[in-house]
Amino acid sequence: MAYSIIQPPFMLKFREMPKAELKSYFRWFMKVMPERIAELQIAVRESPSHATWVGDFSPESLDALGDWFVGQAEERARTIEEIETVKSTLTFPITVPGEQLTTRTFSLAMDIGMYFSQVVLNNLAGTKWDQPLKNAKFADYGQPVIMGFGTVPLNPVRVVLSTAYGIASKEQGGRRLRELFDTWAKMRKP
């Protein structure tokens, strides 16, 4: 079975989306999460080296998932137009990388972020979903985040996307998913 790329019915420009649309996104995210996690589990098990992987939402399951992701995360060259578009949105001039994640890698990262969220919620008491809607300048504005770490929310999709860039560029390895869980576990507020 071929992996099905996630198709959010939103532009995902969170700061530009009206609050009603952000709330619809949150509901959509929660609704599709079980099917996206199932899609991820099938994709992982199709790999001969991970055919016995069990997505049981344990912290240990992140070890094999991260190892599998190392063989999946890929970058592609950005076009000149894409680079110029990114530059046009910057407040301060910085170097725009010439590569970005492939569409498939973005999709896998979103699915893994959803799975990661369930590992956190199932193993760290006192954690729960939230959606920050007060300050549009907040980095995670309008996005599903997990609270329970003091004032710092965990955006599971953002942390896995960041990890995907590190893995695709060979700066990080598959162990990173488990390291992230362990780091957030230490930050949890009872």
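These are my notebook entries on a predicted model of one protein.

**Entry 1: overall layout**

I began with the secondary structure and counted six helices and four strands in the protein. I then read along the sequence and wrote down the pattern α-α-β-α-β-α-β-β-α-α.

**Entry 2: size and packing**

I looked up the extent of the C-alpha trace, which spans about 45 × 40 × 30 Å along its principal axes. Next I asked what radius of gyration the protein has, and how it stands beside that of a compact globule.

**Entry 3: surface and charge**

The protein exposes about 10,300 Å², and I noted that carbon and sulfur atoms supply 55% of that area. For charge, I listed 23 positive and 21 negative side chains. The centres of these two sets lie 9 Å apart.

**Entry 4: M110**

I picked M110, which is found in helix α4, residues 103-123. Is M110 buried or exposed? I found a relative accessible area of 8%; the cut-off for buried is under 20%, so M110 counts as buried.

I then asked which residues M110 touches, leaving out those up to four places away in sequence. The list is I6, Y25, W28, F29 and V157. I also checked M110 against E84, which is 26 residues away in sequence. From C-alpha to C-alpha, M110 and E84 are 25 Å apart in space.

I then wrote down two residues with a positive value.

L12 is not a glycine, yet its phi is positive, at about 60°. I placed L12 in the segment before α1, which covers 19-45. The relative accessible area of L12 is 31%. Since that value falls between the 20% and 50% cut-offs, I recorded L12 as partly exposed.

K170 is also a residue other than glycine with a positive phi, near 65°. Where is K170 found? I located K170 in the loop between α5 (156-168) and α6 (176-187). The relative accessibility of K170 is 67%; exposed means over 50%, so K170 counts as exposed.

Note on methods:
Residues numbered from 1 in each chain as written. Predicted model: local features only at pLDDT ≥ 70, side-chain atom pairs only at ≥ 80, totals over all residues. Heavy atoms only, no water. Rg over C-alpha atoms; globule rule 2.2 N^0.38 Å. Areas by Shrake-Rupley, 256 points an atom, 1.4 Å probe, with all protein chains shown as cover. Lys, Arg positive; Asp, Glu negative; His and termini not counted. Charge placed at Lys NZ, Arg CZ, Asp CG, Glu CD. Buried < 20%, exposed > 50% of the residue type's maximum accessible area, 1.4 Å probe, protein only. Contact = heavy atoms within 4.5 Å.
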